[in-house]
Amino acid sequence: MEHHGPGILMAAFVIVVGLAFNPFAAHADEFHWGFKKAMNGEPPNAGSALESMLNEYGAIYKGKPDEKIVYLTFDNGYENGETESILDTLKKEDAPATFFLTGHYLKSAEPLVKRMVKDGHGIGNHSFDHPNMAKLSPHQMEEEWKKFDTLLEEITGIDRTVYARPPEGIFNEELLAVGNSLGYRHIFWSIAFIDWYADKPKGKEFAYNELMNQLHPGAVILMHTVSSDNSGALPDFIRDAKKKGYTFGSLDELVMEYEDIQLGSLQ
């Protein structure tokens, strides 16, 4: 599995400082991330207004539409016994991933967090207490991210995160701006499905079909680790995506692609 150092990651990150079909449900200045599912290998589109806002703050939800690369991300609010299997699959298939964790997960699943880091995966900031981040003051937003980072450093030695994802995909422009000012870059997603009900399994075929039917070049996939559907479907999905010519990249590589930075220029 190819790894890039923190210098490369930050070099890419510091570049950003700072709807015919309406896929978003807005409440005041709140947006709830979500859109019509991708079909026939075509990436989804957030619409010109949201695309403009995301680009202003370097927030990313998909890669280039002409490159068959997939970026795996997982949201971990609590452990349900499925993450070890997911990590085993990622290791066997040599596929990198980023795990967006909460403070609860850091405290309750410390051995798994350490294994994620040991296996070379990225850790993203999903907030400490999993609140509606769009309803917080800038100071409270900062507290959520930095409290998470403090505990992460105690457990793993990683001094901070740079990729953030708001709980339930709820955000506003202020959240993106405050995040940028503190060195956080928001990563959303282009493929997702209802997979967060741990007590309502639909079978691995359900998860597999959702992933394959929505698959598109530049896909940023969100899955929740509480689902046995996901852990069961992941091996076949990765193998069959590879058969279709897809490779699996890291979020560092996605950011460099977004910024049009060539890896060789950073070495």
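Predicted model: local features only at pLDDT ≥ 70, side-chain atom pairs only at ≥ 80, totals over all residues.
Which backbone nitrogen does the side chain of Ser 227 reach?

**View 1. Ser 227 sits in the loop between strand 9 (219-224) and helix 9 (228-243).** The side chain of Ser 227 reaches the backbone nitrogen of Asp 229, at 3.1 Å. Ser 227 has a relative accessible area of 5% and is therefore buried. Setting aside residues up to four places away in sequence, Ser 227 touches Glu 82 and Asp 195.

**View 2. Here is the largest nonpolar core, with 38 residues.** The residues with the most contacts inside this core are Leu 72, Phe 74, Leu 90, Phe 99, Leu 101, Ile 221 and Phe 237. Helix 9 supplies the largest share of the core, 5 residues. To follow one member, look at Ile 221: beyond its neighbours within four places in sequence, Ile 221 is in contact with Val 70, Tyr 71, Leu 72, Thr 73, Ile 191, Leu 211 and Phe 237. Another core, of 35 residues, lies apart from this one and includes Ala 59, Phe 171, Leu 176 and Tyr 184.

**View 3. Helix 7 (residues 173-181) is shown with its packing partners.** Leu 175, Leu 176, Val 178, Gly 179 and Asn 180 are buried in helix 7. The elements that the buried residues of this helix pack against are helix 2 (48-56), helix 6 (138-156), strand 7 (170-171) and strand 8. Just after helix 7, look for Gly 183, which takes a positive phi of about 90 degrees.

**View 4. Asp 29 lies in the loop between strand 1 (25-27) and strand 2 (30-32).** The C-alpha atoms of Asp 29 and Glu 173 are separated by 7.7 Å, although these residues are 144 residues apart along the chain. Leaving out neighbours within four places in sequence, Asp 29 is in contact with Phe 171 and Asn 172. With 48% relative accessibility, Asp 29 counts as partly exposed.

**View 5. Two salt bridges are picked out from the 13 found in the whole structure.** Lys 62 pairs with Glu 51, and their closest N and O atoms are 4.0 Å apart. Because Lys 62 lies in the loop between helix 2 and strand 3 (69-76) while Glu 51 is in helix 2, the pair ties together parts that are 11 residues apart in sequence. Lys 62 is partly exposed, at a relative accessible area of 22%, whereas Glu 51 is buried, at 18%. In the other salt bridge, the side chains of Arg 185 and Glu 259 meet at 2.7 Å, N to O. Arg 185 belongs to strand 8 and Glu 259 to the segment after helix 10 (251-258), so this pair ties together parts that are 74 residues apart in sequence. Arg 185 is buried, with 1% relative accessibility, and Glu 259 is buried too, with a relative accessible area of 17%.

**View 6. A network of salt bridges links Glu 93, Asp 236, Arg 239 and Lys 242.** Within it, Asp 236 forms a salt bridge with Arg 239, with the closest N and O atoms 2.9 Å apart. Both residues lie in helix 9, 3 residues apart, about one turn of the helix. Asp 236 is partly exposed at 32% relative accessibility, and Arg 239 is partly exposed with a relative accessible area of 31%.

**View 7. Ile 194, Trp 196 and Tyr 197 form a nonpolar patch on the surface.** Together they have about 320 Å² of accessible area. Tyr 197 is in the loop between strand 8 (185-186) and helix 8 (204-214), and counts as partly exposed at 43% relative accessibility.

Conventions:
Residues numbered from 1 in each chain as written. Heavy atoms only, no water. Patch = residues over 30% accessible without salt bridge, like charges linked within 9 Å, V, L, I, M, F, W, Y side chains within 5 Å. Areas by Shrake-Rupley, 256 points an atom, 1.4 Å probe, with all protein chains shown as cover. Helix = DSSP H or I, 4+ residues; strand = E, 2+ residues; numbered from the N terminus. Buried < 20%, exposed > 50% of the residue type's maximum accessible area, 1.4 Å probe, protein only. Polar contact = N/O pair within 3.5 Å; in protein donor to acceptor, adjacent residues only side chain to side chain. Contact = heavy atoms within 4.5 Å. Core = buried A, V, L, I, M, F, W, Y, C linked by side-chain atoms within 4.5 Å.
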